[in-house]
Amino acid sequence: MLKKTLQRFSFWALPALAFVLVSPAAQAQDEVGEFIRAGKEDASKLVRAYAEPAGIALGHNLNSGWFNSGQAMKPGRFDIRIYASAVFAPDDAKTFDISKLGLKQIRTSTGAPFDPNRPVLVPTVFGEDREGPELTVYTRNPLTNQEEEVVSFNSPPGAGYDVLPFPMAQVSIGLFKETEVAVRFVPKTKADDFEGSLWGVGVKHGLKQWIPGVAAIPGFDITVFGGYTNLTSSYGLDVPLTEDNQMYATQQQQSPTYYDGQALELKTKAWTTSLVVSKTVSVITGYAGIRYSNVETDLNAVGKYPVVAYRTTAPYAKYVDDVVDPILVKMKDAQVGGTAGLRLKLAFFSIYGEYTFAKYSTAMAGIGLGWN
């Protein structure tokens, strides 16, 4: 199902996420195939409306967890952190109004176009685990000049929950002038039809040293942080030529390997900046700050896909059209939030947690090990 595919895109990026993959195998071909039969324009509109909240949430999740105090480590000191974060979807990201999408070939079950003055709310990937309304795809027969029904299907259900978890590993090291560098990296990893890689870099720098009269005041720290994360993943699809459409296909199109190479690709770029103030009392450090988070996510269906259409010239017969790269969806979002967290440090071991209040709020908890 498209829903399950999008969920697995959102969850799978690191080997640590292998436990997610033991869920029932995703079967994306049904919904993707039906969406593509509606034409590139309608398919992209439906996929964007359904998947955009997950693409945005994933990016904001990647922008969390970079630091656990407002103090940069001293030169040569380091730590290794393993943490899990979760992002919470707002209520308005759980449904979308299908009547506002301006669909061209998709109609209601009665054959009538959707009326933008009559809202029809259907689940996004974060919505309820129930199917949306029945959708019918129409195309015009050039012989009769009448619109004919091609296929009917229901809009896909939501996941049934509004939380997106994500684990991460990170290495940080202190440099000169109260500057700390953090690195995230996962080489290209494959598992069945999945493939993904991730890298990120962040820099934290102490500001207190540059503020006249403040540098000498003990008891608190002020830093500025900037970080960037890049996630690329893909999931192989199987949208074959159906038995009903074999009669309209060429011999080449009927080859078992002709439609190989179909895949859904997810590419996320996330960057963030924060101003952080912290205070340490014994082994406990409390910190708070302001975070800006910017997200760009591309969700694409690549490869060629079989779609039955009518020839626009004589003999006006049905044929199988190869639609190439039918879904190209770009999703962007930016938000500002307030961040607060605590860290408990015991010798070389630390435990920490954090929460960011924003439209897409995030929570994070992790452990660290190192000389910091």
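The following legends describe close-up views of a predicted model. Local features need pLDDT of at least 70, side-chain atom pairs count only at pLDDT 80 or more, and totals for chains use all residues. Residues are numbered from 1 along each chain as its sequence is written, and side-chain values use heavy atoms, with hydrogens and water left out.

**View 1. A salt bridge between Arg81 and Asp79.** The closest N and O atoms of this pair are 3.0 Å apart; a salt bridge is a side-chain nitrogen of Lys or Arg within 4 Å of a carboxyl oxygen of Asp or Glu. Arg81 is buried at 2% relative accessible area, and Asp79 is buried at 0% (buried means under 20%, exposed over 50%, partly exposed in between; 1.4 Å probe, protein chains only). Both residues belong to a network of salt bridges that also links Glu180 and Lys204.

**View 2. A salt bridge between Asp97 and Lys100.** The closest N and O atoms are 3.0 Å apart. Asp97 is buried, with a relative accessible area of 16%, whereas Lys100 is exposed at 51%.

**View 3. A salt bridge between Lys190 and Glu195.** The N to O distance is 3.6 Å. Lys190 is exposed, at 62% relative accessible area, while Glu195 is partly exposed, at 25%.

**View 4. A polar contact between Asn245 and Thr242.** Their side chains are joined at 2.9 Å; a polar contact is a pair of N or O atoms within 3.5 Å, in which, within protein, one must be able to donate a hydrogen and the other to accept it, and residues adjacent in sequence count only if both atoms are side-chain atoms. Asn245 is buried, at 15% relative accessibility.
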